[in-house]
Amino acid sequence: MSDTFVQLSDLTLAYGKSVAVPSLNLSIRKGELIALLGPSGCGKTTTMRAIAGLLVPDRGRISIDGRDVTRVPANKRGIGLVFQSYALFPHLNAFENVAFGLRLQKLPQAQIDSRTRAGLATVGLAAFEGRKPAEMSGGQQQRLALARSLVMQPKVLLLDEPLSNLDARLRLEMRTELQRVQKETGVTMVFVTHDQAEALALADRIVLMKDGRIEQLGTPAELYARPRTAFAADFMGFENILRVEGGDLVSDAGRVRAGFRSDSPLLAWRPGGVQVGTGPHTGRVLASSFAGGHREYVIDSALGQIKADAAIDLPEVPLGNTLQFDLPQHTACELVE
Ligand SMILES: Nc1ncnc2c1ncn2[C@@H]1O[C@H](COP(=O)(O)OP(=O)(O)OP(=O)(O)O)[C@@H](O)[C@H]1O
Ligand SMILES: [Mg+2]
């Protein structure tokens, strides 16, 4: 790819004898916002640490902006880091927290002042420059940590679950903020999360990882609509995954006739793709919960547990009662494995 900005080639990362990331290949474009998504322990932080230069690879290469940085120390890579714990200096006010790195670079005072003020303004903290971190909300501290990294004008900004300390509303606010800052500054960002909604909302492309390997790489729309594997489908909310054998639907619990014609060995349905109220299948209601716009059912059926969302205007089926449902082929996602 001609516009590759960060290139990871055959990157192998180990802690002693245990290999966390076996051989990673990834090209990131300039100005792109990449989300690393995956379950706990899949190697997201390990990959970030290697890009940052905090972990020396056992094998492979990292290049940034056309330069091989595999052996370049962390502080010479032009990388900004924002981690889950923001690690702000508690005794310094917001202005001094942001100015800290610029002072280390021994820039002229006027330049420090203007860049610090611009950084604080970018994250909406212009009015807070005199406050200490303890006098700020979680979201404000988070934005301060972001400003502190941004003023260093990094080539690449790495964010490792930076929003995980925030409540739901602040997370949403910060998401928007991050996107805005990224488009405004054009900085290339790699963002780690294990929250699929966050990855879908923020990223230009998502790297879904499993056991240190890339399971699937694509735009949010691609991953959301067309996960390739059962693992990816499950991560993207297709909670009902069934095998297809001779037109029948098969699970570990049992087998039902469905008359499906499918070349795929596996089909997956989101709860919203299961039709509730009518259909050829029946099951007993195990759980039923109100979820605002719809009702979520867990149905115990011949195929095991099926998760289904029902329109809120349908009458509620009480626990233990029988519910009819359908798994229409047209709402299924075809998986390759
Ligand atoms: N310092 C370390 N020493 C030994 N093993 C480690 C170390 N750090 C991480 N690991 C192991 O490497 C693997 C990947 O860990 P990593 O921290 O990259 O996961 P992660 O995807 O960031 O997970 P999480 O979502 O929980 O943060 C895990 O199996 C983990 O136990
Ligand atoms: Mg991690």
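## One turn of helix α5

E184 and R180 are four residues apart in helix α5, so about one helical turn separates them. Helices here are DSSP runs of H or I with at least four residues, strands are runs of E with at least two, and both are numbered from the N terminus. The two residues form a salt bridge, with 2.8 Å between the closest N and O atoms. The term salt bridge stands for a side-chain nitrogen of Lys or Arg within 4 Å of a carboxyl oxygen of Asp or Glu. R180 has a relative accessible area of 35% and is therefore partly exposed. Buried means under 20% relative accessible area, exposed means over 50%, and partly exposed lies in between, using a 1.4 Å probe and protein chains only.

This is a predicted model, in which local features need pLDDT of at least 70, side-chain atom pairs count only at pLDDT 80 or more, and totals for chains, interfaces and linings use all residues. Residues are numbered from 1 along each chain as its sequence is written, chains are lettered from A and ligands numbered from 1 in the order in which they are written, and side-chain values use heavy atoms, leaving out hydrogens and water.

Helix α5 covers residues 168-185, and its 18 residues should span 26 Å at 1.5 Å a residue; the end C-alpha atoms are 26 Å apart, which agrees. The expected span is 1.5 Å times one less than the number of residues in the helix. Just after α5, G186 has a positive phi of about 70°.

The buried residues in α5 are L170, R171, M174, R175, E177, L178, V181 and Q182. These buried residues pack against several elements, including β3 (33-37), α3 (109-122), α4 (138-150) and α6 (196-202). Contact here means heavy atoms within 4.5 Å.

## Salt bridges across the chain

The structure holds 18 salt bridges. One of them joins D204 and K183, whose closest N and O atoms are 3.6 Å apart. This pair links distant parts of the chain: K183 is in helix α5 and D204 is in the loop between α6 and β9 (205-210), 21 residues apart. K183 counts as exposed because its relative accessibility is 54%, whereas D204, at 29%, is partly exposed.

Another salt bridge joins the side chains of E316 and R295, at 3.3 Å from N to O. E316 lies in the loop between β17 (304-311) and β18 (322-326), and R295 in strand β16 (residues 294-301), so the pair ties together parts that are 21 residues apart in sequence. E316 is partly exposed at 45%, while R295 is buried at 14%. Elsewhere, salt bridges with shared partners join R243, E245, D248, D252 and R255 into one network.

## Aromatic rings

There are three aromatic pairs in the structure. In one of them, the ring centres of F89 and F100 are 4.5 Å apart and the planes are at 45°, so the pair is tilted. Rings of Phe, Tyr and Trp (its six-membered ring) pair if their centres lie within 6.5 Å; planes under 30 degrees apart are stacked, over 60 edge-to-face, and the rest tilted. F89 sits in the loop between β6 (79-82) and α2 (94-104), and F100 in helix α2, eleven residues apart.

R270 lies over the face of Y224, 3.6 Å from the ring centre. The charged end of R270 also sits over the ring of F238, 4.0 Å from its centre. A charge sits over a ring if NZ of Lys or CZ of Arg is within 6 Å of the ring centre and within 35 degrees of the ring normal.
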